[in-house]
Amino acid sequence: MDLMQKIISLSKRRGFIFPSSEIYGGFGSSYDFGPLGVLLKNNIKKAWLDEMLKKQDNIVGLDAAILMSPKVWEASGHLTAGFADELVECLSCHKRFRVDEIKKDKCPECGGKITKPKQFNLMMKTFVGSLEDESAIAYLRAETCQGIYINFKNVLNSGRLKLPFGIAQIGKSFRNEITTKNFIFRMREFEQMEMQWFCHPKEADKWFEFWKEQRLNWYLDLGVKKENLKLSEIPAGKRAHYAKRQIDLEYNFPFGWQEIEGIHNRGDWDLSQHQKHSGQDLKYKDPETGEEYIPHLIETSAGVERSFLAFFTEAYQEISGGRTETTEATKEEETLLKLDKKLAPVKVAILPLVKNKKEIVKKTQEIYKMIKPHFMAQYDEAGSIGRRYRRQDEIGTLYCVTIDFDTLDDSDVTVRDRDTMKQKRVKIGKLLEYLAEKLN
Ligand code: ATP
C-alpha cells in the first residue's frame, strides 16, 4: 500500500474520516468526519482561532451566512470568467478534464480525441423560496471572505475599530470542482479559515510580508517540518483574478507539493467592487488625519481539510518490527500518529490493567470521571495492555494512564508518554496537576 492508501485506511478504520453516503455507494468527493476526525478538525480550528483572536492583535471574529445575495457574486467576479476552470471534453467517453491535466491532445482515460477548452463556472447554484425560476437563484458561497467584505462597515462601526485590523472567519465553502481526487485534498464542500486584514494602501506590502511569515510559523509551531513547507510566489498572469500578489503556502503531500493556504494581496478590488455594485460608501475615514480611502486587503486563506491532511501526513509514522515496549511476540509493524499536543484528538487514555478484577475497574472508572471534564479522555479495557497502548499510539493519544494491582495499595498510577514511551508512577491526587503541566 502506498502512504496515501495507508492514511485513508487508518482514517476509516479508526473513525477519522468516512466516505459520505457509503451505504448508497458513496457520493463523489464528499467525506464525513467521524468521532476522532471531528475532534482533530475542531482542534485545528481552535488553534487557528486562538492564533488570530488571542495571539495576534486587532482581529475580531465573524460568522456570515452561506447564502448571500447573488449580487455579491456578480460584484466579486465569481459569476463571470474570473471563477471558472478551463475544461475539455473527450469526444468518445465524454469525460471532462481540466486543461492542466491533459498532457497530449488525447483523453487520459480512453485515448479519445478531445474538444477545445471551454469555461466552466465553479459556483454551486440553488433556489431559495417557493419558486424555481431565475428570480429564485442563489449560490452557495465559494469562499468565506465575501461575507467579511460585505460586513466591513458593520464590523468597523459596531466595534469602533481603527485600521489596520482583521476579521477572521471559519466556515463552509462550496465549489463545483471537476476533478476531485487525493482524498480530502480537493472536495466540493470544504471549510476555510480566512482572515482579511484591512490596511492603508501604502502599508499593504509590509503587511503582506508580515502575514506570510506568521502563517508559515503557525504550521511550524504545530509540528510541521520546515522541509515539508514552502512558499511559492505566483507570477502575474497565473494569479487569481483579484490578486495583486499571491503566495501559495505548499505542503509536501504524498502526491507532491500542493497548496494548503493562499496569502493574497487583494488590493482594493473587493471593496471597490462592492462599493460600485451596492452604491454604498465603503471608504474608511482616518479619525486623526481625516484621509479617506478604500482599505487594501491582505488575505490569509487556509483550508481546514487540507491542513488536516497535512498534519495527519506529517504525524504518520510506521515503526517496523514494533516499538519494543508494546510489541508482542509477532513483532508487527506499529503505527504512531505523532500529532502536536494541541491537535491530538484524545489527550489521555485511562486503562485498567485487567478487566476481570472488579476493584481495578472501579478505580479506573473513578479516575476516568475525574479526568474527563478537563482533558479529552478515552476509557479502554479491551485486549492486552500492549495492544491498547498501540491502539492509542495509532490515534495520537498523548498519555496513557494505567491502573494496576499496586494502585489499590499505594494510590499510584502509571503514566506513559506517547513519544518517549517512558513510564512514571504518579499519585492519583497529583494526576490532574501532572497532566495539566504536560498538556497546557
Ligand atoms: P486550488 O488551486 O488547489 O484549486 P485555490 O487557489 O483555488 O486552490 P483558494 O481559492 O486560494 O484555493 O482557497 C484557499 C484555500 O481553500 C486553499 O489553499 C485550500 O486550502 C482551500 N480550498 C480551496 N479549494 C478547495 C477544495 N476544492 N477542497 C478543499 N479545500 C479547498
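Two residue pairs are in polar contact across the interface of domain 1 and domain 2, both at pLDDT 80 or more. A polar contact is a pair of N or O atoms within 3.5 Å; within protein, one must be able to donate a hydrogen and the other to accept it, and residues adjacent in sequence count only if both atoms are side-chain atoms. On the side of domain 1 that touches domain 2, four residues are nonpolar, three polar and four charged. Here Ala, Val, Leu, Ile, Met, Phe, Trp, Tyr, Cys and Pro count as nonpolar, Asp, Glu, Lys and Arg as charged, and the others, Gly among them, as polar.

The model is predicted: local features need pLDDT of at least 70, side-chain atom pairs count only at pLDDT 80 or more, and totals for chains, interfaces and linings use all residues. Residues are numbered from 1 along each chain as its sequence is written, and side-chain values use heavy atoms, with hydrogens and water left out.

The domain assignment gives domain 1 (2–79 + 124–312), domain 2 (85–122) and domain 3 (327–439). Such bounds come from an automatic or database assignment. The centres of domain 1 and domain 2, taken over C-alpha atoms, are 28 Å apart. Eleven residues of domain 1 contact eight of domain 2, with contact meaning heavy atoms within 4.5 Å. About 740 Å² is buried between domain 1 and domain 2, and carbon and sulfur atoms give 48% of this area. Asn 176, Ile 178 and Thr 179 supply 60% of what domain 1 buries against domain 2, more than any other three residues. Buried area is the accessible area (1.4 Å probe) that two parts lose on being put together, summed over both.

The structure holds 20 aromatic pairs. Rings of Phe, Tyr and Trp (its six-membered ring) pair if their centres lie within 6.5 Å; planes under 30 degrees apart count as stacked, over 60 as edge-to-face and the rest as tilted. Phe 185 and Phe 253 have ring centres 5.5 Å apart and planes at 75 degrees, so this pair is edge-to-face. Phe 185 lies in the loop between strands S9 (165–174) and S10 (189–199), and Phe 253 in strand S12 (residues 245–253), so the pair ties together parts 68 residues apart in sequence. Helices (H or I, at least four residues) and strands (E, at least two) are DSSP runs, numbered from the N terminus.

Salt bridges number 35 in the structure. One joins the side chains of Glu 305 and Lys 41 (3.4 Å, N to O). Glu 305 sits in helix H8 (residues 304–315) and Lys 41 in helix H2 (residues 35–55), 264 residues apart.

The loop between helix H5 (152–158) and S9 holds Pro 164. The peptide bond from Leu 163 to Pro 164 is cis, with omega near -5 degrees. Arg 160 lies in the loop between H5 and S9. Its phi is positive, about 45 degrees, although Arg 160 is not a glycine.

Notes. A salt bridge is a side-chain nitrogen of Lys or Arg within 4 Å of a carboxyl oxygen of Asp or Glu.
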